[in-house]
Amino acid sequence: MDEVKLAIHGGSKVKTTPFGTGKRFGLEEAKELLEALEQNTLFYHFGGKVKRFLGDFNDIYGVKHSVATSSGTAAIHVALGVAGIAVGDEVITSPITDQGTLVGILYQNAIPVFADLDPHTYNLDPKSVEARITPRTKAILVVHLAGNPCDMDAIMAIADKYGLKVIEDCAQSYLSRYKGRLVGTIGDYGCFSTNDFKHISTGDGGIVTINSGSEEDYFRTHAFADKNYQRFGTSVVRDLSFLAPNYRMTELQGAVGIAQLKKLQWICDKRRAYGDRLTAGICDLPGIHPHQVTAGSESSYWFYMLRVDETQLSCTRDEFAEALSAEGISCGAGYISQPVYMQPMFQKKQAYKGSHFPFDLSDCSYDEGLCPNAEEILKSGVRLPVNEFFTEDDVEDMIQGIRKVALYYGASQRAN
Ligand SMILES: *Cc1c(COP(=O)(O)O)cnc(C)c1O
């Protein structure tokens, strides 16, 4: 074997040119924003921008109805609220996710229950989901992590069997397909985020799709995101029969969203090509598990996370990530630091100051070891950014960097 010196040991770096960058916003957004201001109203129900944004979104997704919200977290809360999730209900979800997945569950005074994940797709393992069902279970909140679809056939079959609602957290998964179907259109509701870190941005914002196609379902969702104001044309019914938050989107966000949606296909196509290329370039490496896309699916890679098998390499995961960074390939160790159930809110079972409600309505556990695969994924993952502005050379450099580091530590492991 050639003498390969890692950059971290003073050798030359693999990546000598900067990663590609680009402008996410341009004159298209500016034109829409100006038009929004010229309407002389920024209220979503009087102006045309949020309506157009949703109309375009519905066309792309092939759904009849969707509702705009102020964030992805809000979208998920709205979906849970209209799904009828309330005090003491259990909602089964993923332990590797953004905390925005969990906020709405607890605001509805329901209890998050965590099921384990597939070790290579990092998505809910249907067997573990089924094992966590109790008489309190009312919904499955699937998270299509990092653009990768969950095994929806199995999830929907469980939901049918036990009469559960299914809500899809698609915040990281625009235009991801499961057996040809877009994620977000398969469960009862699909929830999207347009915060500034997602595939498309309106600064902040969110969308809920209503997949039943029912007008009544749509009206209830619309009202739930608008403090239960039921708006019909210019008339409004303010009857208050139960609690609902105000999560309205403004015309400014809608305006930017219209322009952003025009770029969505391109963004997702680029990311899909780059993510799949990474897998093809590293899948033969001993000691490296690529980010596996769910069978029959297409991922739009919000990020790429490979796993390091420390038994096959002479380095730890952290050393691997450091060595790869030294090669000029930016990467991070893991994603969130630990499964969300290890956070103090769950360890102390305290969401509201001075109270253990609603956790005290359930006997669910948040003990370490609850989801062994999820814990292992976060201990062995190395997360690489995927971006539509990267060039093909950037992705080849990423592959060469991973190969150099993995082959070096693989060889020295075998030499020992
Ligand atoms: C970003 C994100 C959310 C929350 O979205 P916000 O718009 O930041 O509220 C929820 N779930 C997942 C998986 C996310 O990545």
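**Exercise 1. Helix α2 against helix α8**

In this predicted model, α2 passes α8 in a left-handed crossing. Task: describe how α2 and α8 pack, and state which residues make the contact.

Solution. 
- Step 1. Take the geometry. Helix α2 spans residues 49–61. Its axis lies 7 Å from that of α8, at an angle of about 30°.
- Step 2. Classify the angle. Angles under 35 degrees count as roughly parallel, so α2 is roughly parallel to α8.
- Step 3. List the contact. From α2 come K49, V50, R52, F53, D56, F57 and I60. From α8 come E251, G254, A255, G257, I258, L261 and K262.
- Step 4. Sort by class. The contact of α2 with α8 has 7 nonpolar, 2 polar and 5 charged residues.

**Exercise 2. An aspartate in α2**

Task: decide whether D56 is buried or exposed, and find which residues D56 touches.

Solution. 
- Step 1. D56 sits in helix α2.
- Step 2. Read the accessibility. The relative accessible area of D56 is 18%. Buried means under 20%, so D56 is buried.
- Step 3. Find the partners. Leaving aside residues up to four places away in sequence, D56 touches I258 and L261. Both I258 and L261 also belong to the α8 side of the contact with α2.

**Exercise 3. Helix α1 against helix α8**

Task: work out the relative direction of α1 and α8, and say how the contact divides by class.

Solution. 
- Step 1. Take the geometry. Helix α1 covers residues 27–38, and helix α8 covers residues 251–282. They pack at about 150°, with axes 8 Å apart.
- Step 2. Classify the angle. Over 145 degrees counts as roughly antiparallel, so α1 is roughly antiparallel to α8.
- Step 3. The crossing of α1 past α8 is right-handed.
- Step 4. List the contact. On α1, the residues are E28, E29, E32, L33, A36 and L37. On α8, they are E251, L252, A255, V256, I258, A259, Q260, K262 and K263.
- Step 5. Sort by class. The contact of α1 with α8 holds 8 nonpolar, 1 polar and 6 charged residues.

**Exercise 4. The annotated lysine**

Task: collect what UniProt lists for K198, then describe where K198 sits in the model.

Solution. 
- Step 1. Read the record. In an unreviewed entry, UniProt lists K198 under "modified residue: N6-(pyridoxal phosphate)lysine". The UniProt annotation "active site", also from an unreviewed entry, covers K198.
- Step 2. K198 lies in the loop between β8 (189–193) and β9 (206–210).
- Step 3. Judge the burial. With a relative accessible area of 8%, K198 is buried.
- Step 4. List the neighbours. K198 touches R24, A171, Q172, Y174, S193 and W302, not counting residues up to four places away in sequence.

Key:
Residues are numbered from 1 along each chain as its sequence is written. This is a predicted model: local features need pLDDT of at least 70, side-chain atom pairs count only at pLDDT 80 or more; totals for chains, interfaces and linings use all residues. Side-chain values use heavy atoms; hydrogens and water are left out. Axes are lines fitted to C-alpha atoms, for helices over the stretch in contact, and angles run from 0 to 180 degrees between N-to-C directions. Helices (H or I, at least four residues) and strands (E, at least two) are DSSP runs, numbered from the N terminus. Angles under 35 degrees count as roughly parallel, over 145 as roughly antiparallel, 65 to 115 as roughly perpendicular and the rest as oblique. A crossing is left-handed if the near helix is turned anticlockwise from the far one by less than a right angle, and right-handed if clockwise. Contact means heavy atoms within 4.5 Å. Ala, Val, Leu, Ile, Met, Phe, Trp, Tyr, Cys and Pro count as nonpolar, Asp, Glu, Lys and Arg as charged, and the others, Gly among them, as polar. UniProt positions are given in the numbering used here, feature names are shortened, and annotations may be inferred rather than shown by experiment. Buried means under 20% relative accessible area, exposed over 50%, partly exposed in between (1.4 Å probe, protein chains only).
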